[in-house]
Amino acid sequence: MSHATPHFLTSALPFPQRRHLAAALAAIAVACASSAMAQAGLPIYTDNLVNAFQDWSWGTRDLANTNPVHSGSASISASFVAWQGLSLHNSDFDTTPYASLNFWANGGPAGGQIINVYAQLDNADSLPVITLPALAPSNTWQQFTIPLSSLGVGDEPNLARLTWQ
């Protein structure tokens, strides 16, 4: 697996094999369930964490990374090995008005990293893990949209974490 530094969001699940994951993430948000709703998507990261989301990550990361950047002036850069990840916490976040998690990821010059995404309700780890397609090479930004229902947190009043690993 490549050891290039990609840019993305991540959290840690206990994978026993040694993996190196590096990526950059930008413009992370939860999106509304319907375009007819008056409420816009809720940003989580826009050059910094917003809307009460906190960095509960473990491993090497930079939440004010200046290169590469998808939009704005910063992205999240992360480089992890096994048992490390990017994890964003928000106490008892109500997902009812939202349908999906949207974010951009960049795998750096090498690309090819595999990112696992999962969520937690009340800090419990028993929800599905979504494995994304390998990141594209050559410093390409890719947009990902994951239905909250696929993460097991659709229409829930108590989302505690979003994690990328």
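## Aromatic rings

The structure holds four aromatic pairs. Rings of Phe, Tyr and Trp (its six-membered ring) count as a pair if their centres lie within 6.5 Å; planes under 30 degrees apart are called stacked, over 60 edge-to-face, and the rest tilted. One aromatic cluster is made up of Phe-53, Phe-93 and Tyr-98.

## About the model

This is a predicted model, in which local features need pLDDT of at least 70 and side-chain atom pairs count only at pLDDT 80 or more, while totals for chains, interfaces and linings use all residues. Residues are numbered from 1 along each chain as its sequence is written, and side-chain values use heavy atoms, with hydrogens and water left out.

## The largest nonpolar core

In soluble globular proteins, nonpolar side chains tend to be buried together. A nonpolar core is a set of buried Ala, Val, Leu, Ile, Met, Phe, Trp, Tyr and Cys residues joined through side-chain atoms within 4.5 Å. Buried means under 20% relative accessible area, exposed over 50%, and partly exposed in between (1.4 Å probe, protein chains only).

The largest nonpolar core here has 31 residues, and Ile-28, Leu-101, Phe-103, Val-117 and Trp-164 touch the most other members. Several strands each supply at least two residues of this core, among them E3 (42–45), E8 (98–106) and E12 (159–164). Strand E8 gives the most, with four residues. Strands (E, at least two residues) and helices (H or I, at least four) are DSSP runs numbered from the N terminus.

## Asn-102 in strand E8

Which strand holds Asn-102? Asn-102 lies in strand E8, and it counts as buried because its relative accessibility is 16%.

Its side chain has polar contacts, meaning pairs of N or O atoms within 3.5 Å; within protein, one must be able to donate a hydrogen and the other to accept it, and residues adjacent in sequence count only if both atoms are side-chain atoms. The side chain of Asn-102 meets that of Thr-145 at 2.9 Å and that of Ser-100 at 3.4 Å.

Look next at the loop between strands E4 (54–55) and E5 (60–65), where Ser-57 is found. Ser-57 is buried, at 11% relative accessibility, and its side chain reaches the backbone nitrogen of Ser-87 at 2.8 Å.

Ala-119 belongs to strand E9 and is buried, with a relative accessible area of 0%. The C-alpha atoms of Ala-119 and Ser-87 are separated by 9.1 Å, with the two residues 32 apart along the chain.
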